[in-house]
Amino acid sequence: MVPDFYAYMSPRPEEEKMRREVVERIERVIKDLWPTADVQVFGSFSTGLYLPTSDIDLVVFVKFREGDTLPLWRLEEALRKHKVVEENSVKVLDKATVPIIKLTDSLTEVKVDISFNMKNAVKAAALIKDYKKKYPVLPYLVLVLKQFLLQRDMNEVFTGGISSYCLFLVAVSFLQLHSRENACSPNANTGVLLIEFFELYGRHFNYLKTGIRIKDGGCYLSKDEVQKSMLDGYRPSLLYIEDPLQPGNDVGRSSYGAMQVKQVFDYAFMVLSHAVSPIAKYHLNNHGESILGRIIRVTQEVAEYRDWITMKWAALSLNSLTLKGNVTLLVELQEMEECINNLSEEGAESPSSSSPPPSSSFSSPHSSSASSSDAVSALVGLSFAPVI
């Protein structure tokens, strides 16, 4: 169940290509302003753990004079001037903990967040890649959890939800401290792990007294002890997660909706537990939807958006190949004409009649595969055994 969802939602080559082009367009604008700037991708696009509608996170490394404010507004103006962004989509959050520019690409509708000189952002992406190698089941859990929170508007710190980085650290802690040694095995039952994740963070985890640390193999922290090392007037947040890259930084401090997240995790545990119970086979909707389909839905709009990306960027690739073929053919014809002219100049006999130059016809391959929307219907309609 979880592997099926992961396989379906994982990025397609066309989606990867489209996002690369978005990054290149923005990078050209940045380089036009600051030629020596270094633009790097971090976050889910860098780690490969992104959903079809996920943001692209960019960080710009550029030197400023000491005391200068970040040129967020200058970059915002340049992006508008070059028509890279949708007219009313740009937001400059210069008062945020991490000042950023939020925008929507005008050609693809992909959302992009741009920050400046955040070294830990790139280090965090490297950290995530390391943990992906250490825990092979981690990408499966994270992608499902991201979709679960996304459809409930709980996937952004901006709205009080849990950030992707925060969610990832929580999932790492879950696997680090799991009681079963085989929980981290590549062959572990990801469906069971998903239910246990929802059970832990929906029912058993004590948010009021306990914090999370993943460094040095992971452990739980007493918030009373944590507070002793904090500056006067500061307390550990409700969802306290120690930043493994920056001691003293609370990754979950902006997740003011943590209790709402806890409630939906509890709901998911209840629904999935009922779905795999012995009496589930007598449920009226047993044959109408998959177990995972009871808590997760991929909308028709997302399916159609993915189809549009696949068709457009596959067509662009084909056009590129066609152009290369035509160029090659043109060169060959020019060489042939030069050869004939040379022969004529040397007194060779000219043909009595000239035949038309060879023509090349290119036709787009017709795909008979099912659309993404059909794939969603098939995925949701699968009938799984009680163990997921």
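The model is a prediction, so local features are described only at a pLDDT of at least 70 and side-chain atom pairs only at pLDDT 80 or more, while totals for chains, interfaces and linings use all residues. Residues are numbered from 1 along each chain as its sequence is written, and side-chain values use heavy atoms, with hydrogens and water left out.

The protein chain contains 12 helices and 7 strands; these are DSSP runs numbered from the N terminus, with at least four residues (H or I) for a helix and at least two (E) for a strand. Of its 388 residues, 45% are buried, where buried means under 20% relative accessible area, exposed means over 50%, and partly exposed lies in between (1.4 Å probe, protein chains only). The accessible surface comes to about 21,600 Å², and 54% of it belongs to carbon and sulfur atoms; such areas come from the Shrake-Rupley method with a 1.4 Å probe, and for residues only the protein chains shown count as cover. Among contacts (heavy atoms within 4.5 Å) with a separation of 6 or more, 69% join residues 24 or more positions apart.

Next comes the sheet. Strands of a sheet pair through backbone hydrogen bonds, either parallel or antiparallel. Here, 5 strands form an open sheet with mixed pairing, in the order β1-β2-β5-β4-β3; two strands count as paired if DSSP finds at least two bridges between them. At the edges are β1 (38-42) and β3 (91-93), each pairing on one side only. From one strand to the next, the twist averages 25 degrees. Strand β4 (residues 100-104) pairs with β3 in the antiparallel sense over 3 bridges, and Ile 101 in β4 is the bridge partner of Val 92.

Two helices lie across this sheet. Helix α4 (residues 72-81) lies across β3, β4 and β5 (111-116), running at about 15 degrees to β4. Angles run from 0 to 180 degrees between N-to-C directions, and axes are lines fitted to C-alpha atoms, for helices over the stretch in contact. The buried residues of α4 are Leu 72, Leu 75, Glu 76, Ala 78 and Leu 79. They cover an arc of only 165 degrees around the axis, which puts them on the same side of α4; the arc is that of the directions from the helix axis to the C-beta atoms. Their cover includes α2 (13-33), β3, β4 and β5, whereas Glu 77 and Lys 81 are exposed on the other side of α4. Lys 83, which follows α4, has a positive phi near 55 degrees.

Helix α5 (residues 119-134) lies across β1 and β2 (56-61), at about 40 degrees to β1. Its buried residues are Ala 121, Ala 124, Ala 125, Leu 127, Ile 128 and Tyr 131. Seen down the axis of α5, these fall within an arc of 160 degrees, so they line one face of the helix. They pack against β1, α3 (43-47), α6 (138-150) and α7 (164-176). On the other side of α5, Lys 119, Lys 133 and Lys 134 are exposed.

Finally, Pro 71 sits in the loop between β2 and α4. Pro 71 counts as buried because its relative accessibility is 14%. Leaving aside neighbours within four places in sequence, Pro 71 is in contact with Trp 34, Phe 64 and Phe 116.
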